Every structure is written in structure tokens, then in C-alpha cells.
Amino acid sequence: MIKFSDIRIGDYLKAEYEGKMWDGEVVRLNGDEKQVCVQTEVQEFWFSPDHLYPIELNDGSLLKLGFQKQQQEDGSVKYLKGSFRIVAPRAGDFSSIEMWYREDRRHHPDVHFIHQLQNQYLDMTKVHLTSEPV
């Protein structure tokens with residue numbers, strides 16, 4: 001489950017309906033009823049936050065978002081998208097990442113899921129992070 005206050009339009013989430021999980025993008029929010037409209041591959045549908053789940057931050061999810069991967073000599077892994085950078089200390093270890101965009105550098109931000117990364121990215125770049133090329 002994701003807190004309603006952590007969700008932004010454009011965030012990628014997993015939505016559960018009748019036991020089936022769908023990947024989707026948040027397209028509208030209803031703050032009065034705390035409902036989230038998610039566009040899945042099938043259709044748009046409204047969900048309550050208790051039926052929404054985060055997408056884990058990992059190598060596959062970053063590559064899906066269009067990041068390029070660079071293995072570093074020290075064993076760390078750098079992910080690049082335009083001028084935005086993420087560094088994981090070891091391959092597969094996203095527990096203490098660093099990220100930066102131009103002079104804005106963040107050490108060990110509380111980012112474990114894609115929607116959290118999207119919100120940090122938006123805060124840093126003023127552009128929403130999508131799978132579209134930069």
C-alpha cells in the first residue's frame with residue numbers, strides 16, 4: 001500500500017483489482033475521496049490507495065525508464081538519463097544510492113521505489129520522469 005500523500009500524477013504504480021496486478025500510470029487524483037485514477041494497458045480505473053503498490057527500484061525498472069547503465073571499475077553501477085545520474089554502490093544494491101542533477105546532489109535519499117524516484121526527479125529537474133527519451 002502507498003500513502004495517498006506520496007502519489008503524484010504521472011507516477012508509475014501497480015494496481016490490484018480482483019487479485020490481478022496491473023502496471024499503470026497515475027492520470028488523475030481525487031483528494032476528497034482519496035481515489036487514484038490509474039491508466040493500465042486495459043483502461044483507466046479508479047483505485048483506493050490500499051489497492052496500489054509500489055514498483056521496486058531495481059536494474060530492470062531503471063532500464064525500462066530509459067536509463068543507460070555503466071558498470072564502474074570500483075564495482076558500483078551508474079545509471080544515466082540526460083544529465084541525471086544515479087549511483088548504486090554495488091550491482092543490485094539500491095539500499096544507499098546517490099543521485100545528482102547538475103549541482104543538486106543527494107546522498108542516500110529515501111528512495112526504494114519508482115514513484116519515489118519519480119518524485120525526487122521532478123523535484124530536482126522540474127520535469128516528470130517517464131520512459132520517454134530525454
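A: Happy to! A pocket here is an open set of grid points where a 1.4 Å probe fits, with protein on both sides within 12 Å along at least five of seven lines, and its volume is the space filled by probe spheres set on the points. In this predicted model, the largest pocket holds about 320 Å³ of space. Its lining counts 13 residues, and Tyr12, Asp23, Gly24, Ile55 and Lys64 are the closest to its centre. Two elements give two or more residues to that lining, strand E2 (20–30) and helix H1 (59–64). E2 gives the most, with three residues. Sorted by class, the lining has four nonpolar, five polar and four charged residues.

For comparison, the second largest pocket has about 160 Å³ of space. It is lined by 14 residues, with Lys81, Tyr121, Thr125, Val127 and Val134 nearest its centre. Here the classes come to seven nonpolar, five polar and two charged residues.

Now to the sheet. Five strands form an open sheet in the order E6-E7-E8-E9-E10, paired antiparallel. Strand E6 (68–71) and strand E10 (104–107) are at the edges with a single partner strand each, so one side of each has no neighbour in the sheet. On average, neighbouring strands are turned by 15° against each other, direction ignored. Helix H2 (residues 114–125) packs on this sheet and touches E8, strand E9 (98–101) and E10, with its direction at about 30° to that of E9. Within the sheet, strand E7 (residues 77–81) and strand E8 (residues 84–88) pair over five bridges, and Lys78 stands opposite Val87 in E8.

Terms used:
Residues are numbered from 1 along each chain as its sequence is written. This is a predicted model: local features need pLDDT of at least 70, side-chain atom pairs count only at pLDDT 80 or more; totals for chains, interfaces and linings use all residues. Side-chain values use heavy atoms; hydrogens and water are left out. Two strands pair if DSSP finds at least two bridges between them. Helices (H or I, at least four residues) and strands (E, at least two) are DSSP runs, numbered from the N terminus. Axes are lines fitted to C-alpha atoms, for helices over the stretch in contact, and angles run from 0 to 180 degrees between N-to-C directions. Contact means heavy atoms within 4.5 Å. On a 1 Å grid over the protein atoms alone, a cavity is a set of points where a 1.4 Å probe fits but cannot get out, and a pocket is an open set with protein on both sides within 12 Å along at least five of seven lines; lining residues have an atom within 4 Å of a point. Ala, Val, Leu, Ile, Met, Phe, Trp, Tyr, Cys and Pro count as nonpolar, Asp, Glu, Lys and Arg as charged, and the others, Gly among them, as polar.
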